[in-house]
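I opened the notebook to look up how the parts of this model meet. I started with the domains, then went to the chains, then to the strands.

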Protein chains: 2
Amino acid sequence: MAGTGCASAGGANRGVFMRALVFDQTVRYQRNHADPEPQRAEALVRVRLAGICATDLELTRGYMGFTGVLGHEFVGTVEAGPKTWIGKRVVADINCVCGHCDMCQHGLSNHCRDRTVLGIQGRDGCFADFVAVPVRNLLEVPEAVSDEQAVFVEPLAAAMQVIKQCKIESRMRVVVLGSGRLGLLVAQVLRTTGCKLEVIGRNPDTLSFCEKKGIQSRFVGDVAPRADRDLVVECTGAPEGFNYATRLVRPRGMIVLKSTYAADAPLNLAAVVVNEITVLGSRCGPLPEAINALARRQVDVVSMVTKQFPLSRGAEAFEAAADPRHIKVLLKPEPGGGGNP
Amino acid sequence: MAGTGCASAGGANRGVFMRALVFDQTVRYQRNHADPEPQRAEALVRVRLAGICATDLELTRGYMGFTGVLGHEFVGTVEAGPKTWIGKRVVADINCVCGHCDMCQHGLSNHCRDRTVLGIQGRDGCFADFVAVPVRNLLEVPEAVSDEQAVFVEPLAAAMQVIKQCKIESRMRVVVLGSGRLGLLVAQVLRTTGCKLEVIGRNPDTLSFCEKKGIQSRFVGDVAPRADRDLVVECTGAPEGFNYATRLVRPRGMIVLKSTYAADAPLNLAAVVVNEITVLGSRCGPLPEAINALARRQVDVVSMVTKQFPLSRGAEAFEAAADPRHIKVLLKPEPGGGGNP
């Protein structure tokens, strides 16, 4: 490893090869994937638990043209890197940035021109025994936050980005469109603002999750859109969601877009023009605030986990994650990992 | 006519029938279209001059499902209505509103739930000898503004809406995408803000108009989009414009959409999400400010007129307006109109 002040722990279990879930046309489990080689200012993290999200599913449909080790939601333990980090339980910002470009220089490093993104763009991800991450991206997970909670830090931060970007007032009529894993996180975050909140979705199982949490929800078939909502957060993960959102939002209202998907879809933006709607794209969010919200139990993520698979059954896990009956599907590397045993 | 205090002038030329350009599957000139019957609180305006815009062309492609007398850009003389208005030279707000719905009550009457829109939605337009307009929609045209200028009040107001909705600062790098009639108006309005402005278009004729006005402009084929503009105002009138705009605008930048079009188009909003772009729909604008800008000669509209047709050659005028070699095409009812002579 390059860099000074670096050390290594748990090397006994670490070898030249590791187990990993790799995408290249198809999702394949590999027992002999090369261990990541951390570059200067990077740490090597042993993955404790990882989560599958809609972006992972879209990547396997061609989104971003990604190939490599999938996965960007994880909690792990630092095995090699600066001494102060060794043995620490961590999560990480997924955007690995240059620090020099115009975006980085203007405080918009999440939009770095030369970034790589964990398991999404130009960099292997976390569905593996190990993942290499820039040290500056690491955040320590406090004891109050369990592994099952910590694996939600990244998507919860993305959900919290909505309230960072939009000023939500209690008088506002807000719809979360889509009751999947991201929709349920966004709904729980929005509930903390005291706004007039409703989740509209098509899945009875996930809508019942809302009910349990005291969040008003309705089946999409029971809704007659009346263009009267101040804000619609589009979390369906499907291109049809946008057109529907334009029918829910009031003139001069706002649609926040969280969904990314691989394929073009037939859209007509005339409603955006005629009703002078603001459409706001929203991606990654503030990880420290997400950790804080989990530590304070402001958001319940643990009940969202409906299935956990070992890494070796990763392909099966991807199928489960694509099944709307599941909310969150986790992946856990088998103990003793490190390959080449 | 209903209402009190109403009078009529020039009735000698007014009959039961008038000449009009009507759309119903095709654009047809009718010599015997029924005169409009002004309702309570409406005035009857004799059209002096009218303009064809992209929305008119889209209406003839099925946009809004409109049928009836086309046209919403005009200057005219009040022939019947409240005494104080008779003989006045006027333009008019095209949105005819209820005054009672939630939008009207909240100061958003342009978005009235029950509105009709002149020549666009549920109400005959101005490509005719006469048009009926709510009195509250009328604005008197000052002497300093000629008919040729006044016919631009409505589209210029729509262009000015961009600077009403967005705070434009002089350091901002702004692109107007599309050098058609609306793009050239938006560009002239944006120039008044002192921002770093460039027009990108595909038409050498209209780009040379920019050059004459001292506005930087480039042929689209000469541009390599680098996602570095703070604001892109999309005025192409074509669905492809949106995708191109997402390649011009910087992360966290803004796209203002002015184009409406009839057909769905294959779009992918992933770039909006990933780059956290704000997309802002923009429609009608402040008519009094447009009149003021014309009176002060802040915007040159007269040189934008490349062709004028009599109403009887309306179908030909529509063909000319669809030809990119033309910027603005005007329609002028023949003298002595009023049909049934």
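My entries follow in that order.

**Ground rules.** I am working on a predicted model, where local features need pLDDT of at least 70, side-chain atom pairs count only at pLDDT 80 or more, and totals for chains, interfaces and linings use all residues. Residues are numbered from 1 along each chain as its sequence is written, chains are lettered from A and ligands numbered from 1 in the order in which they are written, and side-chain values use heavy atoms, with hydrogens and water left out.

**Entry 1: domains of chain A.** I found chain A divided into domain 1 (7–152 + 301–332) and domain 2 (156–281). The bounds come from an automatic or database domain assignment. I read 28 Å between the C-alpha centres of the two domains. In contact (heavy atoms within 4.5 Å) are 18 residues of domain 1 and 13 residues of domain 2.

I then looked up the buried area, meaning the accessible area (1.4 Å probe) that two parts lose on being put together, summed over both. For the two domains of chain A this is about 1300 Å², with 57% from carbon and sulfur atoms. I found four residue pairs in polar contact across this interface, both residues at pLDDT 80 or more. A polar contact is a pair of N or O atoms within 3.5 Å; within protein, one must be able to donate a hydrogen and the other to accept it, and residues adjacent in sequence count only if both atoms are side-chain atoms. Helix α1 (residues 54–59) of chain A gives the largest share of the domain 1 side, four residues. Helices (H or I, at least four residues) and strands (E, at least two) are DSSP runs, numbered from the N terminus.

**Entry 2: chain B against chain A.** I counted 42 residues from chain B and 42 residues from chain A in the contact. The buried area is about 3400 Å², and carbon and sulfur atoms give 56% of this. The polar contact rule finds 17 residue pairs here, both at pLDDT 80 or more. On the chain B side, α4 (153–165), β16 (249–257), β17 (265–267), α8 (270–274) and β18 (278–281) each supply at least two residues.

**Entry 3: strands.** Which strand of chain B does β17 (residues 265–267) of chain A join? I found three bridges to β17(B), running antiparallel. A:L267 stands opposite B:A265. Strands pair if DSSP finds at least two bridges between them.

Seven bridges join β2 (residues 17–24) to β3(B). B:M18 has B:H33 as its bridge partner in β3(B).
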